[in-house]
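Trainee: I would like to go through this model with you, one point at a time. Where shall we start?

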Amino acid sequence: MFKKLFSLINKKKQTENLKEVSNNIEVVNAENEVSIAEINEEKLETDKLLKVKINEDSKKDAEEIISKEEMDNVKKFLQENEEYIKNIKINRGRGIRAIDLYSEEVLEFNTYKECSRKLKVPLSYIKENLKYGHTDYMGSAINYLKESLGESMEDESEYLNSNKTPIELFNYLNDKIFSNKISEEKREEILSSDKIEPLKMHYKFECIDKEYDDYFTKYGTIIKRGGNKKIELVNQKGEVIEVFKSLVSCCDYLNKDKNEITYKLKHGYNKVGRYEIRYSLRNI
């Protein structure tokens, strides 16, 4: 009887132990499941962050590529129009750097007129040097010959607008001394004058008109293309108060000559009375 009782007690203990082990296994399994879920959740979050980072990096790389392409296109466009820009800057007469060829001293001026006045050099010499690179000044001899031969002349820089270079123009006028019907006395007077010789100079000049560089970078494609161009009228607060569909309608509204407005827009002279005008970048 005792034997049976001990046997029943042992079976009960074994059953309880098995239950405890089973419970422990379930707890461990549950904990493992939680851990695995947490790991999976962390992995999912990491994957999301990684994808976001990859997308951001890809977007950044794409923006950098677009930006580089745009910059390359702008540089190419500016290089293609280098001569045009240089001539416009010469006409504007702003921002000039003077270099003394002897002392190598460098001076900067806000305008060509200021430079001409301070250095005591002709304004046309500055423009000639910028356009052709001549250090010998041909303008005074050319203007003397034109005047002596009875040719009309508006200003001292007019010869720079000729389809001939200063050297070609100088040689052409020299030939006219002998081909024109002028008296021997007049011919001798011209040939014996020291004004017929180019002047030795010791400055060279460089444009530093950054303002127009920025202007042409922004509006250059509009300036260079044909067809109608939209123009905006801007008040003193910088607010657009009118958009004109063409140059003609702008000129009619302002009661201004078409050539005057065209010149202003090409050269970046935006002031018209109390207002400013500018090319419109809308729907181009």
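Predicted model: local features only at pLDDT ≥ 70, side-chain atom pairs only at ≥ 80, totals over all residues.

Trainee: Which helix holds K176, and which residues does K176 touch beyond four places in sequence?

Mentor: The helix is α6. Leaving out residues up to four places away, the partners of K176 are L149 and E151.

Trainee: Which elements give two or more residues to the largest nonpolar core?

Mentor: That core has 30 residues. Those with the most contacts inside it are I96, C115, L119, V121, I126 and F205. The elements that give two or more residues are β1 (94–100), α3 (112–119), α4 (123–132), α5 (139–148), α6 (166–179) and β5 (203–207).

Trainee: What is V121 in contact with, leaving aside neighbours within four places in sequence?

Mentor: V121 is among the residues with the most contacts inside the largest core. Its contacts, with those neighbours left aside, are S116, I126, M201, Y203 and F205.

Trainee: At what angle do α3 and α4 cross?

Mentor: On the α3 side, Y112, K113, C115 and S116 make the contact; on the α4 side, L123, I126, K127 and L130 do. The crossing is right-handed. The axes come within 9 Å, and the angle is roughly 115 degrees.

Trainee: Is α2 parallel or oblique to α8?

Mentor: The two helices pack with their axes 12 Å apart, at an angle of about 125 degrees. That angle makes α2 oblique to α8.

Trainee: Which residues of α8 meet α2, and is the crossing of α2 and α8 left-handed or right-handed?

Mentor: From α2 come Y84, I85, I88, K89 and R92. They meet E211, Y212, D213, F216, I223 and K224 in α8. The crossing is right-handed.

Trainee: Is I223 buried or exposed?

Mentor: I223 sits in helix α8, residues 210–224. Beyond four places in sequence, I223 touches Y84, Y212, Y215, F216, K229, L265, K266 and Y279. Its relative accessible area is 5%, so I223 is buried.

Trainee: What separates the C-alpha atoms of I223 and T262?

Mentor: Along the chain, I223 and T262 are 39 residues apart. Their C-alpha atoms are separated by 9.5 Å.

Trainee: Which are the edge strands of the four-stranded open sheet?

Mentor: The order is β7-β6-β9-β8, with antiparallel pairing. An edge strand pairs on one side only. The edge strands are β7 (240–244) and β8 (271–272).

Trainee: Over how many bridges do β6 and β9 pair?

Mentor: β6 covers residues 231–234 and β9 covers residues 275–279. V234 stands opposite E276 in β9. The two strands pair in the antiparallel sense, over four bridges.

Trainee: Which helix lies across β6, β7, β8 and β9?

Mentor: It runs at about 30 degrees to β6. It spans residues 247–254. The helix is α9.

Conventions: Residues numbered from 1 in each chain as written. Heavy atoms only, no water. Core = buried A, V, L, I, M, F, W, Y, C linked by side-chain atoms within 4.5 Å. Buried < 20%, exposed > 50% of the residue type's maximum accessible area, 1.4 Å probe, protein only. Contact = heavy atoms within 4.5 Å. Pairing = 2+ DSSP bridges. Axes fitted to C-alpha atoms, helices over the stretch in contact; angles between N-to-C directions. Parallel < 35°, antiparallel > 145°, perpendicular 65-115°, else oblique. Left-handed = near helix turned anticlockwise from the far one by under 90°.
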